[in-house]
Amino acid sequence: MKYLSTRGQAPALEFDDVLVQGLAADGGLYVPESWPRMSPADIRALGGLTYSETAFRVIAPFVGGAINQDDLAAITEESYKNFSHPETAPLRELKDGEWLMELFHGPTLSFKDLALQFLGRVLDHVLKRRSDRITVLGATSGDTGSAAIEACRDKESIEIFIMHPKGRVSAVQRRQMTTVASNNVHNIAVEGTFDDCQAMMKEAFNDPAFRGRHNLSTVNSINWCRIMAQIAYYFRGAVAVGAPEKEVAFSVPTGNFGNVFSGYAARRMGLPISRLVVGSNRNDILTRFLENGKMEISQVHPTLSPSMDIQISSNFERLLYFMYGGDGAEVRSRMEAFKETGAFAVDGERLDETLSLFKGRSYDDGQTRAAIKAVFEETGQLIDPHSAIGVAAGRDALKDFAGPSIALATAHPAKFPKAIEDATGITPEPPPALAGLDKRQERCDDLPAEAGALRDFITGRLGERGALG
């Protein structure tokens, strides 16, 4: 399996090189040269498997010969053995034909664990085989940071630097990152937004000398491995509610577009997904695009669902690549215009085809609280603000859809106790993973939203010798 950059100017790479490199040298994101296909019989055969067995069958074609299949199976099995629920990603029926898929039973209580527990292990495997070391640089709007840190902590081959927007993540999300005492973990609070963090990260990757000296890599969803690993739960959920005999719709709370793009990838592999609903909060750039075909940045507003407080959804570039038939030059032109002007537009048949699959809905904080309350009153179940947006978006956008629908529950409600209490009057019981979190010492450094300050900070921690010294 070969991988190509969405911007068409970087060399094609095998899976292990894409895994380690993360972002393409031309600033693009890697995508598979062709999509592996699963027949209806292949999909049907997933029905009796465990989650890790399903994940292995979905992931293996993307890895190809880059990793021995026995090693890959063992890594996949190891990745999911410590999840707190025996089903790993259980389904709960909210009402007839409407399901909630709980993706928060991993060590940091968010859906990011389902990809990053795998990514951390497979990355460590490849680095040891190469006798190599890397510096992982990441930006988080809430949950990616803690999941990435948990996946990379104490690994001799990895130094990890995670940026989060100061004051714009929940206290639980922040402490899950900043209370990890491992020497290879470095937390940075950026005085700005998540988009500022992401821009600083990309600037670092686009500095060839700095990138090479520190052997930079990333575990953000711009790393293809994140997308690949997330495809598995789409197959898992769809088969459980009737695929391939039934078409299925998914509703996804969405910030950086990686999670919902994994659903698009599953569809390209042959899974009968008829709709993908994009749920957004007040930061509604994706909803606006799905209404008028124009991607246009506006102000980032802090909300009850901070993981979606984003205006630049990096993974949308992957969808754009396929919308333009793999034309890297066209994607590069669109993304350069977006960087310079904050806007670009898509129209014609390529937009119409996209809108036939994707639907967008957005909700403010009041509507989010109402959705949390409605689900609790109907079912007795507490859901976090992100998951509530997923449920609400599905209910609004799928009224004319007769098949089963699955809303993705992306975070444990105990990570957002105030929002849950305000909506329902009930404070969610913290699970064991959060026990004593508020009493642990935090370690974090503040930085201005400047790429130069980030480069200086990393160099100061690692020394001029870089990661390879």
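Mentor: Buried means under 20% relative accessible area, exposed over 50%, and partly exposed in between (1.4 Å probe, protein chains only). This is a predicted model, in which local features need pLDDT of at least 70 and side-chain atom pairs count only at pLDDT 80 or more, while totals for chains, interfaces and linings use all residues. Residues are numbered from 1 along each chain as its sequence is written, and side-chain values use heavy atoms, leaving out hydrogens and water.

Trainee: Is L290 buried or exposed, and what is its relative accessible area?

Mentor: L290 belongs to helix α12, residues 285-292; helices (H or I, at least four residues) and strands (E, at least two) are DSSP runs numbered from the N terminus. L290 is buried, because its relative accessible area is 14%.

Trainee: Which residues are in contact with L290, leaving aside neighbours within four places in sequence?

Mentor: Contact means heavy atoms within 4.5 Å. L355 lies 65 residues from L290 along the chain, and their C-alpha atoms are separated by 6.5 Å. With neighbours within four places in sequence set aside, the residues in contact with L290 are V278, L355, F358, K359 and G360.

Trainee: Why do the buried residues of α4 lie on the same side of the helix, and how wide is their arc?

Mentor: In α4 (residues 69-79), the buried residues are L72, I75, T76 and S79. They lie on the same side of α4 because the arc they cover around the axis, taken from the directions from the axis to the C-beta atoms, is only 100°.

Trainee: Which helices are included in what covers the buried residues of α4?

Mentor: The buried residues in question are L72, I75, T76 and S79. Their cover includes α3 (51-63) and α5 (112-130).

Trainee: In what order do the 5 strands of the open sheet stand?

Mentor: Two strands pair if DSSP finds at least two bridges between them; β6 (residues 158-165) and β7 (residues 185-191), for example, run parallel and are joined by 6 bridges. The pairing in the sheet is parallel, and the order is β8-β5-β6-β7-β15. β8 (216-217) and β15 (445-448) each have a single partner strand, so one side of each lacks a neighbour in the sheet; the edges are therefore β8 and β15.

Trainee: Which residue's side chain makes a polar contact of 2.7 Å with that of S221?

Mentor: S221 sits in the loop between β8 and α10 (224-240) and counts as buried, because its relative accessibility is 7%. A polar contact is a pair of N or O atoms within 3.5 Å; within protein, one must be able to donate a hydrogen and the other to accept it, and residues adjacent in sequence count only if both atoms are side-chain atoms. Residues touching S221, not counting those up to four places away in sequence, include R226, N256 and R318. The partner in the 2.7 Å contact is N315.

Trainee: How many disulfides does the structure hold?

Mentor: A disulfide is a pair of cysteine sulfur atoms within 2.5 Å. C152 is in none, since the nearest cysteine sulfur, that of C225, is 11 Å away. The sulfur of C197 is 10 Å from the closest one, in C444, which is too far for a bond. The number of disulfides is 0.
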